[in-house]
Amino acid sequence: MSRPANQTADITNVDLMHATTLRLLGRPAGSDGMAVLYGPSGFGKTQAATQAYLRHNGYFVRMSDQWTCKTFLQKILIEMDIQPEKTGAAMLDQVAQQLSASSRPLIIDEADYAADKPRLVQLIRDIHDNSYKASIILVGEEALPQKLAKWERFHSRVLDWVPAQPVSLDDARKLVPIYSEDMPVADDLLQLLVDEARGSVRRVGNNLNLIREEGLSEGWDVATLANWGNRTLYTGKAPTRRLP
């Protein structure tokens with residue numbers, strides 16, 4: 001797969017993911033080495049996973065509903081720049097050996113797709129158990145812990161359950177240089193974005209793009225709540241159509 005992009009602000013969930021990765025990598029030998037970052041869509045979990053991957057020189061795979069166990073192992077080995085063997089057992093050994101030798105974390109995004117398939121859940125546990133001090137982080141939606149709770153032998157190996165946090169005003173300030181670099185945004189308008197975002201980093205980013213375009217068009221020096229007025233913000237709600 002193509003590697004994730006690097007334009008990410010150090011928002012709260014990025015810091016949480018960084019701290020979680022450090023804890024896994026620094027744990028004593030013999031301790032369990034899996035963690036789960038979970039939360040609603042739009043909370044910036046993939047951004048956080050991307051930054052952890054970049055900071056810690058990790059291995060990153062984003063799962064698909066169509067993946068089989070064989071596909072999963074092949075994708076990890078391609079990410080590791082290793083030619084996959086032909087059998088699943090041999091590929092499992094390759095992945096486990098590389099994680100042991102490299103001490104690099106394996107980050108699995110969209111892990112809900114694995115949690116719905118018993119064989120994939122078992123395979124991830126096998127990778128963990130067959131590696132020396134492997135650090136594996138699963139990233140998924142809010143219900144991921146409940147899905148994994150069905151598999152006690154997996155669930156009991158999770159060292160950290162990390163709930164993604166809703167976007168804050170401080171996070172919004174850090175997003176301005178990425179989404180609205182040439183249009184400063186005042187705190188009063190940023191607070192409105194946070195209030196309307198319902199926790200979503202993505203919605204704040206979309207609205208900063210919207211504000212930037214409007215501000216440049218109108219010739220504002222700074223985008224404020226006063227000059228934004230009653231203009232519409234992106235809320236993520238489906239529009240309703242009024243029929244005559």
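Biologist: What should I know before we start?

Modeller: This is a predicted model, so local features need pLDDT of at least 70 and side-chain atom pairs count only at pLDDT 80 or more, while totals for chains, interfaces and linings use all residues. Residues are numbered from 1 along each chain as its sequence is written, and side-chain values use heavy atoms, with hydrogens and water left out.

Biologist: How many helices and strands are there in the chain?

Modeller: The chain has 12 helices and 5 strands. Those are DSSP runs numbered from the N terminus: helices are H or I with at least four residues, strands are E with at least two. Along the principal axes, the C-alpha atoms fill a box of roughly 60 × 45 × 30 Å.

Biologist: Why is Thr-21 called buried?

Modeller: Buried means under 20% relative accessible area, exposed means over 50%, and partly exposed is in between (1.4 Å probe, protein chains only). Thr-21 has 1% relative accessibility, so it counts as buried. Thr-21 is part of helix H1, residues 12-25. Across the chain, 45% of the 244 residues count as buried.

Biologist: Which residues does Thr-21 touch?

Modeller: Leaving out residues up to four places away in sequence, Thr-21 touches Ala-52, His-56, Pro-105 and Ile-137. A contact means heavy atoms within 4.5 Å. Ala-52 is also one of the buried residues of helix H2, residues 45-55.

Biologist: What do the buried residues of H2 pack against?

Modeller: Their partners include H1, strand S1 (34-38), strand S2 (59-62) and helix H3 (69-79). Just after H2 comes Asn-57, with a positive phi of about 55 degrees.

Biologist: What makes Trp-67 and Phe-72 a tilted pair?

Modeller: The search of the whole structure finds 3 aromatic pairs. For Trp-67 and Phe-72, the ring centres are 6.4 Å apart and the planes meet at 40 degrees, so the pair is tilted. Here's the rule: rings of Phe, Tyr and Trp (its six-membered ring) pair if their centres lie within 6.5 Å, and planes under 30 degrees apart count as stacked, over 60 as edge-to-face and the rest as tilted.

Biologist: Are those two residues buried or exposed?

Modeller: Trp-67 counts as buried because its relative accessibility is 12%. Phe-72 is buried too, with a relative accessible area of 0%.

Biologist: How do you know that the charged end of Arg-231 sits over the ring of Trp-228?

Modeller: That label needs NZ of Lys or CZ of Arg within 6 Å of the ring centre and within 35 degrees of the ring normal. The charged end of Arg-231 is 5.9 Å from the centre of the Trp-228 ring, and the pair is listed as sitting over it.

Biologist: What about Glu-110 and Arg-198, where are they found?

Modeller: Glu-110 lies in the loop between S3 and helix H5 (112-115), and has a positive phi of about 55 degrees although it is not a glycine. Arg-198 is in the loop between helix H10 (187-197) and helix H11 (201-218), with a positive phi of about 50 degrees. Glu-110 is partly exposed because its relative accessible area is 29%. Arg-198, at 45% relative accessibility, counts as partly exposed as well.
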